[in-house]
Structure formats: C-alpha cells, structure tokens
Amino acid sequence: MTTPLPPLSCFRAFEATARHLSFTLAAEEMNVTQSAVSQQVRTLEDKLGQALFERKPKGLTLTDSGRRLMPFAASAISELIRGTEMFLVPRGLETVSVSCTTSFAQLWLVPELKNFNTVHPHIAIQIKSTLWPDDYLSRKADVEIHFGRSAQLDPRSKLLMPIQFVPVCAPALSGPVAGLDDLLKLPLIETVGALYGWSRWTGQFGISKRPTPAFSVDSMILALKMAINGLGVALVSPVLCHDALRRGQILKMFNLPTLVEDCYYFSVIGPAADRFAVKTFCDWLECVAKSHQG
C-alpha cells in the first residue's frame with residue numbers, strides 16, 4: 001500500500017524557502033505570492049505533523065525535522081528538473097528529429113554531427129535510433145534514414161549513398177590470407193537479421209557451401225567491436241567503419257567487388273519538408289555522404 005503524499009507544490013515551496021530561508025525570496029523564484037508560499041509550507045507541516053521552520057522576528061531557521069527533510073526534497077526536485085529538461089528545447093533552437101538504425105547513428109551520423117553543430121548551432125538534432133528497420137513505423141521523425149532497396153521504400157525517398165560490404169578483422173588476426181579459402185578458415189562474425197550476410201557475400205564468388213559463423217550478433221556495432229577485439233572476421237561497410245580503418249584498428253582483408261542492391265536512402269516526412277531547419281539538415285546530409293563516396 002502506497003503512502004499518501006502531500007501535493008508536490010508543498011515540497012517545492014518548502015525546498016525554495018529552505019534554500020533562501022525566506023518566504024519572500026521563495027515567492028519571487030516561484031512567481032507566486034508570499035502568502036501562497038507560506039500557506040503551502042504550512043500545509044506540508046500539517047500533513048507531516050512537524051514544524052519545518054522556526055519563524056523568528058529576524059527571519060527563518062530550519063528545525064531538526066526541516067533539516068532532515070531538505071536533502072530528500074532537494075534531490076527529488078532536482079531529478080524532476082533533469083527529467084523534464086530531456087523534453088525541452090532551449091529558446092531560439094529549432095529541432096529536427098532523425099530516425100535511423102543504431103548502427104548508422106553511432107558509426108556514421110554521430111561522428112559527423114559535431115561539424116553540423118559548429119556551422120548550425122541554432123538547429124538541435126534529436127536522434128531516434130532503432131535496432132531493426134521495421135521499428136521505423138513506431139518512431140516518427142522529421143527525417144528517416146533507411147537501408148534497403150528503392151522499390152521497398154516511399155517513392156519520395158532519395159538516395160543517400162550506395163553501400164558495399166567487405167570482410168575486416170584486427171591486424172593481429174589477419175595473418176597470411178591468400179584467398180577466400182584462407183579467409184573462411186578464420187572465425188566469422190555474422191550480423192543476424194542484416195540484409196547482407198556471409199552466405200550472400202560468398203555466394204557471389206561461386207562458393208556454394210554455406211559458411212558457419214563462430215559468432216552471431218544483432219547489430220553491426222557489435223560485429224565491428226568483436227572484429228576490433230580480434231574475435232573474428234566481420235562483414236561491414238567501409239563507409240560505416242571508416243574511423244576504425246583510419247585508426248588501424250581493423251584492416252580490409254579483400255577489396256573484392258560486392259553486388260549490393262541495397263543502399264542508404266532518406267526521406268522527409270509530411271509537412272517537415274517545408275521547414276528551413278529540415279532542408280538545411282538534409283542538404284548537409286547529402287553533402288557529407290558525397291564526401292565519403294569520394
């Protein structure tokens with residue numbers, strides 16, 4: 001059975017008064033009258049059956065009960081403020097919400113956003129990441145970034161960038177790999193649910209035997225992390241792992257051409273297309289994507 005609590009406004013009035021040790025200053029902070037704050041504190045004292053302040057001619061002091069309650073009230077109100085701030089956008093900012101897979105967000109979009117924020121500090125980006133493409137249906141956003149085929153997507157979708165997949169592994173794991181036979185002897189990392197896996201990759205080279213992965217994960221992020229840690233060979237897009245390649249954490253084992261019909265596309269949802277901030281973000285998105293292809 002839950003304990004009945006006094007109204008939250010009473011705790012707010014108490015916490016503000018306890019910080020200032022003044023009904024007047026607490027009232028100014030809360031934008032209410034002094035009598036309203038005094039009444040809220042009195043209501044809280046009546047509910048608790050304890051005096052929280054000693055009211056003296058020269059001001060207020062906390063009683064022992066008030067001192068015991070203060071850290072709890074301050075902590076609770078602070079947490080509520082933090083929770084509320086997650087949903088608020090500072091004045092002067094316009095928000096653009098972007099829906100994409102978690103892998104794309106972490107491996108490609110987030111590393112690039114610092115440059116966008118530097119040039120467009122007045123536009124706040126809200127990322128709604130999803131693990132599976134089907135989750136887009138429940139994560140409405142201004143801009144949606146998809147991986148798939150144009151025939152499967154909204155006709156208004158625009159090509160962002162084509163994708164190839166290559167096998168990568170940590171330098172220590174690569175060793176002497178002369179061909180596909182050597183590669184397939186190494187532990188393979190499969191991304192379950194991905195549109196492009198080991199069977200499809202080896203099949204284009206005429207290998208009919210289905211590869212048996214040593215590890216299975218549910219995101220490209222995990223596949224890449226395992227490859228970096230030397231656990232095996234992962235099939236990833238060089239576009240998405242360019243940072244790890246640049247740092248030398250992984251190496252391309254082959255630069256064989258891959259027949260991938262799936263690409264990254266983006267689409268703008270409904271009336272968001274008319275907003276200046278959305279247009280600005282989409283122009284930037286296309287520009288950065290082209291730089292990666294070059």
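Helix H11, which spans residues 276-293, contains 18 residues and extends 26 Å from its first C-alpha to its last, close to the 26 Å expected at 1.5 Å a residue; the expected span is 1.5 Å times one less than the number of residues. The model is predicted, so that local features need pLDDT of at least 70 and side-chain atom pairs count only at pLDDT 80 or more, while totals for chains, interfaces and linings use all residues. Residues are numbered from 1 along each chain as its sequence is written, and side-chain values use heavy atoms, with hydrogens and water left out.

**Overall fold**

- The protein chain has 11 helices and 12 strands, where helices (H or I, at least four residues) and strands (E, at least two) are DSSP runs numbered from the N terminus.
- Of the 294 residues of the protein chain, 42% count as buried; buried means under 20% relative accessible area, exposed over 50%, and partly exposed in between, with a 1.4 Å probe and protein chains only.
- Among contacts in the protein chain with a separation of 6 or more, 74% come from residues 24 or more positions apart; a contact means heavy atoms within 4.5 Å.

**Packing of helix H11**

- The buried residues of H11 are Ala277, Val278, Thr280, Phe281, Cys282, Trp284, Leu285, Glu286, Val288 and Ala289.
- These buried residues of H11 pack against helix H5 and against strands S3 (94-101), S4 (123-130), S5 (143-148), S6 (158-162) and S12 (263-268).

**Ser267 in strand S12**

- Ser267 lies in strand S12 and is buried, with a relative accessible area of 5%.
- Leaving aside residues up to four places away in sequence, Ser267 touches Asp142, Val143, Glu144, His146 and Ser157.

**Aromatic residues**

- The structure holds 11 aromatic pairs; rings of Phe, Tyr and Trp (its six-membered ring) pair if their centres lie within 6.5 Å, and planes under 30 degrees apart count as stacked, over 60 as edge-to-face and the rest as tilted.
- Phe104 and Trp108 are separated by about one helical turn because they are four residues apart in helix H5.
- An α-helix has 3.6 residues a turn, so residues three or four places apart point the same way.
- Both Phe104 and Trp108 are buried.
- One aromatic cluster consists of Phe104, Trp108, Phe147, Phe165 and Tyr264.

**Second largest pocket**

- The second largest pocket has a volume of about 210 Å³. On a 1 Å grid over the protein atoms alone, a pocket is an open set of points with protein on both sides within 12 Å along at least five of seven lines, a cavity is a set where a 1.4 Å probe fits but cannot get out, and lining residues have an atom within 4 Å of a point.
- Grid points are joined across faces, edges and corners, and a volume is the space filled by probe spheres set on the points.
- This pocket is lined by 13 residues, of which Gln106, Leu107, Leu224, Asp243 and Ala244 lie nearest its centre.
- Helices H5 (102-119), H9 (220-228) and H10 (242-247) each supply at least two residues of the lining of the second largest pocket, and H10 gives the most, with four residues.
- The lining of the second largest pocket has eight nonpolar, three polar and two charged residues; Ala, Val, Leu, Ile, Met, Phe, Trp, Tyr, Cys and Pro count as nonpolar, Asp, Glu, Lys and Arg as charged, and the others, Gly among them, as polar.

**Cavities**

- A search of the whole structure finds two cavities of 30 Å³ or more.
- The second largest cavity holds about 30 Å³ of space and is lined by Ile189, Glu190, Thr191, Tyr196, Gly197, Ala223 and Leu235.
- Strand S8 (residues 188-191) contributes the largest share of the lining of the second largest cavity, with three residues.
- By class, the lining of the second largest cavity comprises four nonpolar residues, two polar and one charged.

- Ser9 lies in helix H1 (residues 8-20) and is partly exposed, with a relative accessible area of 30%.
- Ser9 and Gln40 are 31 residues apart in sequence and 7.0 Å apart in space, C-alpha to C-alpha.
- Leu21, in the loop between H1 and helix H2 (23-30), has a positive phi near 50° although it is a residue other than glycine; Leu21 counts as partly exposed at 38% relative accessibility.
- Asn31, in the loop between H2 and helix H3 (34-48), likewise has a positive phi, near 60°, in a residue other than glycine; Asn31 counts as exposed at 70% relative accessibility.
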